[in-house]
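Work through the exercises below with the sequence and the model open. Each task is followed by a solution in steps.

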Amino acid sequence: MTTDFARTNRKVLVTGSTGLLGSEILALSPGSVGLSSKECDLIESNHAILTLEDGQVDTVIHCAARVGGVKANTDYVADFFDDNVKMNMNVLDACREKSLKLVSVLSTCIYPDAPYVKYPLTEDQLHMGPPHHSNFGYAYAKRMLEVQNRAYRQQHGCNFISVIPNNLYGINDNYDLNSGHVIPALIRKFHEAMIEGRSEVIVWGTGRPVREFTFARDAAKIILWLSENYDGDEPINIGNPDWVSIENLSLMIGEEIGFEGHVKFDTSKPDGQYEKPSSNRKLRSLGWKGEYTPLRDGLRETIKSFADRYPGVRGIKIKT
Ligand code: GFB
């Protein structure tokens with residue numbers, strides 16, 4: 001078992017390599033092959049994996065997915081199901097054909113919602129009831145990925161594993177205010193308010209829901225370690241179990257950006273799931289001893305990268 005908690009000796013291909021998580025995995029594993037949706041649209045084809053030279057890659061870390069925040073998940077529920085199921089069918093089929101190890105990335109939002117589960121969420125509860133209504137398309141598509149991994153392992157002996165992060169944030173995020181997640185959305189909103197001299201920032205919902213956030217680079221380190229050290233058929237929670245309310249998160253981001261105005265809650269916008277606290281005890285029991293980046297430190301680095309990348313905020317290139 002390697003103790004270097006961010007290194008792998010495996011020859012890795014990363015799907016979704018320009019995304020929030022994929023780009024961090026690529027940055028941490030020099031020599032890995034990146035596959036972006038521009039290079040190969042996995043919804044339509046798995047050509048790029050099937051044409052890999054033998055021996056070039058022995059592991060695929062599958063980060064490519066149709067992802068989005070609570071509003072996008074509700075507005076495009078069918079697309080979130082279709083696109084993810086199609087991508088996963090193509091990737092698993094190619095990995096089976098090429099006899100590659102596969103690491104599939106799920107999310108804690110796919111767990112059943114209360115009252116069907118006991119908190120914190122443990123991996124054995126994954127299929128014990130329906131997910132939250134705000135993202136059932138995405139949730140069932142990702143649950144089917146977990147099922148498909150086990151089915152391919154049982155019938156074809158494939159070494160396919162599943163990892164379950166919670167809400168990720170970090171450097172290479174999507175800052176679109178409709179399709180993005182809460183942290184990039186609030187970072188952009190506070191910056192825009194500062195630049196335009198506005199004293200009010202709108203936060204969606206009631207501010208009462210609570211979330212666990214993991215810095216994407218930490219999740220990347222854990223996934224690389226598991227790609228080397230885990231070959232089991234059960235999924236693994238990998239998220240930072242520290243949690244924060246959306247209200248306190250928005251105050252923390254405002255503070256870090258130096259905003260002196262006030263936040264206003266828009267309850268016409270969705271709160272989504274109230275909570276999805278997860279346990280990482282199993283990961284720890286496998287020997288993972290790494291530390292998670294505290295939220296405020298991760299936010300500081302993310303805010304700085306946003307300000308550096310979008311100095312005038314205006315003219316932000318939206319990743320759709
Ligand atoms: O990040 P988010 O969209 O994802 O929302 P979920 C988290 C919380 O932040 C919700 C609140 O309670 C939102 O109401 N929020 C406040 C905002 N202001 C904003 C804002 O300006 N934008 C956004 N987006 N939220 C997703 C799942 O749920 O979590 C996905 O739908 C995926 O499938 C992802 O799993 C990790 O945590 O609610």
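**Exercise 1.** Which kind of contact do the side chains of arginine 217 and glutamate 24 make?

Solution. 
- The model is predicted, so local features are taken only at pLDDT of at least 70 and side-chain atom pairs only at pLDDT 80 or more, while totals for chains, interfaces and linings use all residues. Residues are numbered from 1 along each chain as its sequence is written, and side-chain values use heavy atoms, without hydrogens and water.
- Arginine 217 and glutamate 24 form a salt bridge, with N to O at 3.2 Å. The term requires a side-chain nitrogen of Lys or Arg within 4 Å of a carboxyl oxygen of Asp or Glu.
- The two partners come from distant parts of the chain: arginine 217 belongs to helix α7 (residues 216–229) and glutamate 24 to helix α1 (residues 20–28), 193 residues apart. Helices here are DSSP runs of H or I with at least four residues, strands are runs of E with at least two, and both are numbered from the N terminus.
- Glutamate 24 is buried at a relative accessible area of 8%, whereas arginine 217 is partly exposed at 23%. Buried means under 20% relative accessible area, exposed over 50%, and partly exposed in between (1.4 Å probe, protein chains only).

**Exercise 2.** Describe how helix α1 is covered, and by what.

Solution. 
- Seven of the nine residues of α1 are buried.
- These are Leu20, Leu21, Gly22, Ser23, Glu24, Ile25 and Leu28.
- The cover over them includes β1 (12–15), β3, β4, β6 (167–169) and α7. Contact means heavy atoms within 4.5 Å.

**Exercise 3.** Find the salt bridge of arginine 296 and the network around it.

Solution. 
- The structure holds 18 salt bridges.
- In one of them arginine 296 meets glutamate 255, with the closest N and O atoms 3.1 Å apart.
- Arginine 296 lies in helix α10 (residues 295–309) and glutamate 255 in helix α8 (residues 246–257), so the pair ties together parts that are 41 residues apart in sequence.
- Arginine 296 is partly exposed at 28% relative accessibility, and glutamate 255 is exposed at 53%.
- Through shared partners, salt bridges join Glu255, Glu256, Arg296, Asp297 and Arg300 into one network.

**Exercise 4.** In what order do the strands of the six-stranded open sheet stand?

Solution. 
- The order is β2-β1-β3-β4-β5-β9, with parallel pairing. Two strands count as paired if DSSP finds at least two bridges between them.
- β2 (33–35) and β9 (236–237) are the edges; each has a single partner strand, so one side of each has no neighbour in the sheet.
- Inside the order, β4 and β5 (residues 160–164) pair in the parallel sense over four bridges.
- Within that pairing, valine 103 has isoleucine 161 of β5 as its bridge partner.

**Exercise 5.** Which residues make the nonpolar surface patch of about 400 Å²?

Solution. 
- The patch is made by Phe81, Phe136, Tyr140, Met144 and Val147. Patches take residues with over 30% relative accessible area and no salt bridge, joining like charges within 9 Å and nonpolar side chains (Val, Leu, Ile, Met, Phe, Trp, Tyr) within 5 Å.
- Helix α5 (residues 136–156) gives the most to the patch, with four residues.
- Phenylalanine 136, found in helix α5, is partly exposed, with a relative accessible area of 40%.

**Exercise 6.** How many helices and strands does the protein have, and what are its overall dimensions?

Solution. 
- There are 10 helices and 11 strands.
- The C-alpha atoms fill a box of roughly 60 × 45 × 40 Å along the principal axes.
- Of the 320 residues, 54% count as buried.
- Among contacts between residues at least 6 apart in sequence, 78% join residues at least 24 apart.

Conventions. Accessible areas come from the Shrake-Rupley method with a 1.4 Å probe; for residues, only the protein chains shown count as cover.
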